[in-house]
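Please find below some notes for a colleague who is meeting this structure for the first time.

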Amino acid sequence: MSVGETCNFGVLTASDRASSGEYEDLSGPAIEEFLSQALTSPWKICRRLVADEQSIIEDALKSLSDDENCSVIITTGGTGPAPRDVTPEATEAVCERLLPGFGEQMRAISLRHVPTAVLSRQTAGIRGSTLILNLPGSPRSIREILDEIFAAVPYCVDLIGGPYITTDSKIVDSFRPPHARRD
Amino acid sequence: MSVGETCNFGVLTASDRASSGEYEDLSGPAIEEFLSQALTSPWKICRRLVADEQSIIEDALKSLSDDENCSVIITTGGTGPAPRDVTPEATEAVCERLLPGFGEQMRAISLRHVPTAVLSRQTAGIRGSTLILNLPGSPRSIREILDEIFAAVPYCVDLIGGPYITTDSKIVDSFRPPHARRD
Amino acid sequence: MSVGETCNFGVLTASDRASSGEYEDLSGPAIEEFLSQALTSPWKICRRLVADEQSIIEDALKSLSDDENCSVIITTGGTGPAPRDVTPEATEAVCERLLPGFGEQMRAISLRHVPTAVLSRQTAGIRGSTLILNLPGSPRSIREILDEIFAAVPYCVDLIGGPYITTDSKIVDSFRPPHARRD
């Protein structure tokens, strides 16, 4: 992990309707707003907006990971049970290993608000040096989830060889074990 | 989703002893009693009682989904760690996609009552337009679980193209996002 | 299940640094101390200390299960997201079936203490008549987890055909359904 190095974040919105212009993508901007409030170390963002097609989502994830060198990719949309929801499938296809705890915790957080959170198939995994996280499509749910789970993201990026991320503890009180702290 | 259309429910009991007549199947009737109390939209039930054999369970699930056009199949039994417990394997084999949240939430509910709930391998998934849910074998656990998780079933059935299900809010306060409400 | 029969426990530490002698293995002894406090039925322990290599971990798990007839194998270490963490992969490779509830519950327990518990990929499964449980590497986390989840281990061992395990209820209040009790 390297202190002071810029961390690249990918934000991928999967939505047939937003990608066709039928309505505005509010989810990608909600993630960007969270990052701008939470991060205190240098960062850059690379956003993509694609249709709910598994091969297109896979290509976008690979490009953000392999070409744009994103340490973290946050997806939004396409995690429900409907036939066009394929973001988890695309994520599993491009990751070498999965982190089942993120899906479990994200569903547990959303279940405090709506019982239909049980239907979400969100997952997370690692492709090379990139952590990929699936978030739901609703901007309100995105914020509820990121406020809580992002606390584990900086240490995860350390462990997979990325830049040293720091956060504003008023927004996200991120945690590292004592031996991993550099600040 | 179609308001007023009859929804077919399949109830499958997997049990060597109940299917051989060694004892009475109490779990299938417990599920039927729950449905009769909870549902306020038109419904029909199709019950099956089979031995703990993976191929037999798979055939019964396929028949309930493909021939009987069940929108929801609720299984009971065969979800533990014993060698004859094979209901989750049969479920995974016939589903195109899994919904991991149901297994997580059902175990969390049962863990409030018994620590051995951690041993349950219950899962859920979707085959075509059918939601398949694994429940444990004990009638008391069945009720504890259905009272809570059924709140997400009507909206799930909407999303996979089934009839519009409504419930008695005194039994199950089922939830749909505002744009999906028809009542 | 056989009352009075000795139960063999395998304890496997996966750690590059402990196995090379760079530092002392504290996790294996922490598990052994827990067992010595918790168990009131006859038991024996078989400990292994190996590097974080998937094939070596798999061989050790197979040997503890097939040659040493362990009814329970508890691993420690190698469950994080770093490239050298491969204990869950080795566990899945040697098990015929997985018990997802253990990973879910262990992460939920550790999340009460540190948000980075979400990164753990701990799993559990069954190989023949052996229950394999992945624990994290930190001795403190080990104890927090075992104090809680071990309550389900004796009944699980009953169900997969092992000896009848009893515990000191002041340490672990293990649970069996009434029909399975022999004490």
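1. Chain C can be laid on chain A with an RMSD of 0.0 Å by a turn of 120° and a shift of 0.0 Å along the axis, the copies being superposed by least squares on the C-alpha atoms of residues with pLDDT of at least 70 in both. The two copies are therefore related as by a three-fold rotation axis, and in chain C the C-alpha nearest that axis belongs to E104(C), at 4.2 Å.

2. This is a predicted model, in which local features need pLDDT of at least 70 and side-chain atom pairs count only at pLDDT 80 or more, while totals for chains, interfaces and linings use all residues. Residues are numbered from 1 along each chain as its sequence is written, and chains are lettered from A and ligands numbered from 1 in the order in which they are written.

3. Between chains A and B, 14 residues of chain A are in contact with 15 residues of chain B (C-beta atoms, placed from the backbone, within 7 Å).

4. In chain C, helix α3 covers residues 54–67 (helices are DSSP runs of H or I, at least four residues, and strands runs of E, at least two, numbered from the N terminus). Its buried residues are I57(C), A60(C), L61(C), L64(C) and S65(C), where buried means 20 or more other C-beta atoms within 10 Å of the residue's own, exposed 12 or fewer, and partly exposed in between, with C-beta atoms placed from the backbone.

5. The face of α3(C) turned away from that buried side carries the exposed residues S55(C) and D67(C). Just after α3(C), N69(C) takes a positive phi of about 50°.

How values were computed:
Contact = placed C-beta atoms within 7 Å. Expected span 1.5 Å × (residues − 1).
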